[in-house]
Amino acid sequence: MATIKIKFRKSSIKGKAGTIYYQICHKQNNKSITTKIHILPYQWNSEKQQLNITPEEEAVLRKYQRQIDNDIALLKRIIKELDKRGGKYSLSDIASLFHSPGTQTTIMPYTFIVDFSYNTIRTDKYDHINIFFLSIQIV
């Protein structure tokens, strides 16, 4: 069983934003997965391993926190699947699955059924308007 920690790496340049990364530990080895989330030190709570959301920066920080939560949920599902299969796996296996295209959609806890359809409406003798309908059903 692998464990995941959310960490903040301060910038080496004073006053610049640092980077959020995920530290995965498995069989006494560690691997870091770097994110594209860059924040200032005061925006990070290392004890809670989450962002300090302030009213002034709420929109962007909530977006970042959602991304972190989604990434951690995905990593946990990957690890759970690898554990369920039995056999050996490495930290590189986890990182590869995390970064592989399509992983976000295939391991999500919901199935989305998307239906595209359109109707043609005649507004007068020569004009036709195609109206597209999109319905999404969460199963």
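Entry 1. Terms and model. I take buried to mean under 20% relative accessible area. I note that the model I am reading is predicted.

Entry 2. The chain as a whole. I looked up the secondary structure and found 3 helices and 7 strands. Read from the N terminus, the order of elements is β-β-β-β-β-α-α-α-β-β. The chain has 139 residues, and 27% of them are buried. I then turned to contacts between residues at least 6 apart in sequence, of which 40% join residues at least 24 apart.

Entry 3. Helix α2. I asked which residues of α2 are buried. They are L91, I94, A95 and F98. Viewed down the axis of α2, these buried residues fall within an arc of 95 degrees, so they line one face of the helix. I recall the general rule here: an α-helix has 3.6 residues a turn, so residues three or four places apart point the same way.

Entry 4. Residue F98. I examined F98 separately, as a residue of helix α2. Its relative accessible area is 8%, and F98 is therefore buried, the cut-off being 20%.

Entry 5. Helix α1 against helix α2. I next considered how α1, residues 58–85, is placed against α2, residues 91–99. The axes of the two helices come within 10 Å and cross at roughly 130 degrees. The crossing of α1 and α2 is right-handed.

Entry 6. Residues at the helix contact. I listed the residues through which the helices meet. On the side of α1 they are D71, L74, L75, I78, I79 and L82, and on the side of α2 they are I94, L97 and F98. By class, the residues of this contact comprise 8 nonpolar, no polar and 1 charged. I note that I94 and F98, listed here in the contact with α1, are also among the buried residues of α2.

Entry 7. Residue Q23. Finally I turned to Q23, which is placed in strand β2, residues 18–26. Is Q23 buried or exposed? Its relative accessibility is 16%, so Q23 counts as buried. Leaving aside residues up to four places away in sequence, I found that Q23 touches T3, I4, K5, K7, N30 and K31.

Note on methods. Residues numbered from 1 in each chain as written. Predicted model: local features only at pLDDT ≥ 70, side-chain atom pairs only at ≥ 80, totals over all residues. Heavy atoms only, no water. Helix = DSSP H or I, 4+ residues; strand = E, 2+ residues; numbered from the N terminus. Buried < 20%, exposed > 50% of the residue type's maximum accessible area, 1.4 Å probe, protein only. Contact = heavy atoms within 4.5 Å. Axes fitted to C-alpha atoms, helices over the stretch in contact; angles between N-to-C directions. Left-handed = near helix turned anticlockwise from the far one by under 90°. Nonpolar A, V, L, I, M, F, W, Y, C, P; charged D, E, K, R; others polar. Arc of directions from axis to C-beta.
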